[in-house]
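Here is a short report on how two protein chains meet.

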There are 2 protein chains.
Amino acid sequence: MNPDRYRVAPGQAVHLKDWATDDNGGLSKEEGQARLPGLLTRLADLQERLYAEGQQALLMVLQARDAGGKDGTVKKVVGAFNPNGVQVSNFKVPTEEERAHDFLWRIHARAPRHGMVGVFNRSQYEDVLVTRIHGLIDDQEAERRLQHIRAFESLLTDSGTRIVKFYLHISPEEQKARLQARLDNPSKHWKFNPGDLEERARWDDYTQAYEAALTTSTAASPWYVIPADRKWFRNLLISQILVDTLEDMNPQYPAPTFDAASITIQ
Amino acid sequence: MNPDRYRVAPGQAVHLKDWATDDNGGLSKEEGQARLPGLLTRLADLQERLYAEGQQALLMVLQARDAGGKDGTVKKVVGAFNPNGVQVSNFKVPTEEERAHDFLWRIHARAPRHGMVGVFNRSQYEDVLVTRIHGLIDDQEAERRLQHIRAFESLLTDSGTRIVKFYLHISPEEQKARLQARLDNPSKHWKFNPGDLEERARWDDYTQAYEAALTTSTAASPWYVIPADRKWFRNLLISQILVDTLEDMNPQYPAPTFDAASITIQ
């Protein structure tokens with residue numbers, strides 16, 4: 001399993017139909033599930049160092065179609081972190097106050113402080129996806145917004161924040177199965193929104209809008225297209241990418257400001 | 001193990017020296033550890049209902065002396081929740097901006113919205129503890145602040161938020177052992193602050209200030225004095241109290257706004 005295969009190179013044009021949704025990285029489900037706990041333990045260890053160091057931040061952006069697995073990823077992967085060092089932001093339909101500002105205002109307010117892992121469950125990219133598809137903004141405005149997003153992300157990455165962006169890529173068949181499963185289980189009805197079916201009907205429009213969004217991939221703020229039909233592989237691959245990213249950031253415990261040997265506790 | 005034993009009754013005067021720090025609830029460590037996973041699973045299930053319902057919030061307040069176990073409780077107990085539905089707030093020394101407002105301003109801003117579990121790792125009570133001991137406020141001001149805290153908490157509890165406040169009660173010997181362990185382990189040096197020893201020297205002053213803080217216990221916003229010398233018992237008891245509290249709140253999955261049987265996914 002080579003995480004680089006799933007990264008969008010800067011300047012690369014992505015045609016999502018060429019990217020697999022059901023990849024398994026050459027692993028069986030059992031092999032994948034056996035590998036996950038070790039990765040999650042490593043993640044928690046790296047996060048503690050990031051928190052202790054307090055000099056860098058990690059921002060994880062999650063985007064997907066409905067039922068694409070954002071919430072499951074937060075539960076299984078982000079759940080491995082110490083909650084003290086994580087801030088999850090769920091960006092929903094903007095409030096009146098939020099709409100009275102530029103579209104990045106509410107996003108910027110939730111940028112993680114140094115030492116923290118920020119998780120955006122939906123993000124600034126909603127503003128070039130759902131708005132674009134519903135005609136609230138035209139293509140020109142979408143392009144301007146993508147420019148603003150590039151500039152905003154470069155502000156963050158220039159200030160000690162590493163960004164990793166995940167597009168959870170599922171097939172129409174898998175989405176149908178997951179939506180149906182929500183309908184079939186009364187304790188999942190609260191997760192089902194009949195409006196999701198209207199979005200589903202615009203599958204190809206979303207594909208195009210996502211392909212445009214994926215052009216913001218840079219070395220410091222890369223996009224990964226995660227094959228997400230198999231939940232176990234999605235969790236494994238994202239965990240591996242987070243481990244690799246944090247290892248590259250290489251956070252260190254700070255040097256003590258005292259001489260431990262000279263201290264006696266009364 | 002009867003959680004009610006550890007709750008401070010409204011109007012009850014607490015003398016902390018009469019409250020055990022090393023209680024085990026009549027359980028062996030093995031028995032306690034065997035019970036925890038079931039409780040944490042139940043917690044996660046109740047939290048999902050709270051989140052789905054979106055009509056109530058739970059606010060968990062953690063206070064303790066240094067090395068009392070606040071961070072460990074967040075990691076082990078809060079770690080069982082789905083991160084999507086949890087907001088942890090670490091209140092540190094107030095910033096200049098925060099000091100330019102009343103002491104509850106920054107606290108109120110972090111009150112959990114309906115559907116969420118809020119965790120205050122340190123809280124409004126710091127403003128009647130450390131400030132009081134260091135003479136930044138006098139006893140009269142401390143008493144006024146406690147009144148403001150009572151009014152503030154009643155605003156929250158009148159608006160759908162249940163509050164549970166935990167004082168993690170450790171002995172001076174246990175604190176000494178934990179601080180020493182931090183000194184002895186270089187990867188724990190970042191958690192050690194030489195200033196903690198000055199606070200430790202004022203043990204009895206803190207005891208008095210905590211006893212005053214515990215008078216804010218009410219039925220809707222109770223304090224629990226958690227015997228915290230044994231980490232496994234602390235985690236078990238807090239988990240049990242949270243389960244009991246959430247069961248009493250009794251969150252329900254909302255009724256669907258659609259007829260599942262009539263929907264066909266194309």
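## The salt bridge

In this predicted model, Lys188(A) pairs with Glu48(B) in a salt bridge. Their closest N and O atoms lie 4.0 Å apart. The count of salt bridges between chain B and chain A is 1.

## Polar contacts and contributing elements

Between chain B and chain A, 9 residue pairs are in polar contact, with both partners at pLDDT 80 or more. On the side of chain B that touches chain A, five elements each supply at least two residues: helices H1 (29-53), H2 (70-76), H7 (172-184) and H8 (195-201), and strand S2 (86-90). H7(B) gives the largest share, 4 residues.

By type, the residues on this side of chain B split into 19 nonpolar, 10 polar and 8 charged.

## Extent of the interface

Contact involves 37 residues of chain B and 37 residues of chain A. Together the chains bury about 3,400 Å². Carbon and sulfur atoms account for 64% of that area. In chain B, the residues losing the most area to chain A are Asn84(B), Trp190(B) and Ile265(B). Together they make up 22% of what that side buries.

## Symmetry

Chain B superposes on chain A by a rotation of 180 degrees, with 0.0 Å of shift along the axis and an RMSD of 0.0 Å. The two copies are therefore related as by a two-fold rotation axis.

Which surface does each copy use? Of the interface residues of chain B, 100% are also interface residues in chain A, so the copies meet through the same surface.

Technical notes. Residues numbered from 1 in each chain as written. Chains lettered and ligands numbered in written order. Predicted model: local features only at pLDDT ≥ 70, side-chain atom pairs only at ≥ 80, totals over all residues. Heavy atoms only, no water. Contact = heavy atoms within 4.5 Å. Buried area = accessible area lost by both parts, 1.4 Å probe. Salt bridge = Lys/Arg side-chain N within 4 Å of Asp/Glu carboxyl O. Polar contact = N/O pair within 3.5 Å; in protein donor to acceptor, adjacent residues only side chain to side chain. Nonpolar A, V, L, I, M, F, W, Y, C, P; charged D, E, K, R; others polar. Least-squares fit on C-alpha atoms with pLDDT ≥ 70 in both.
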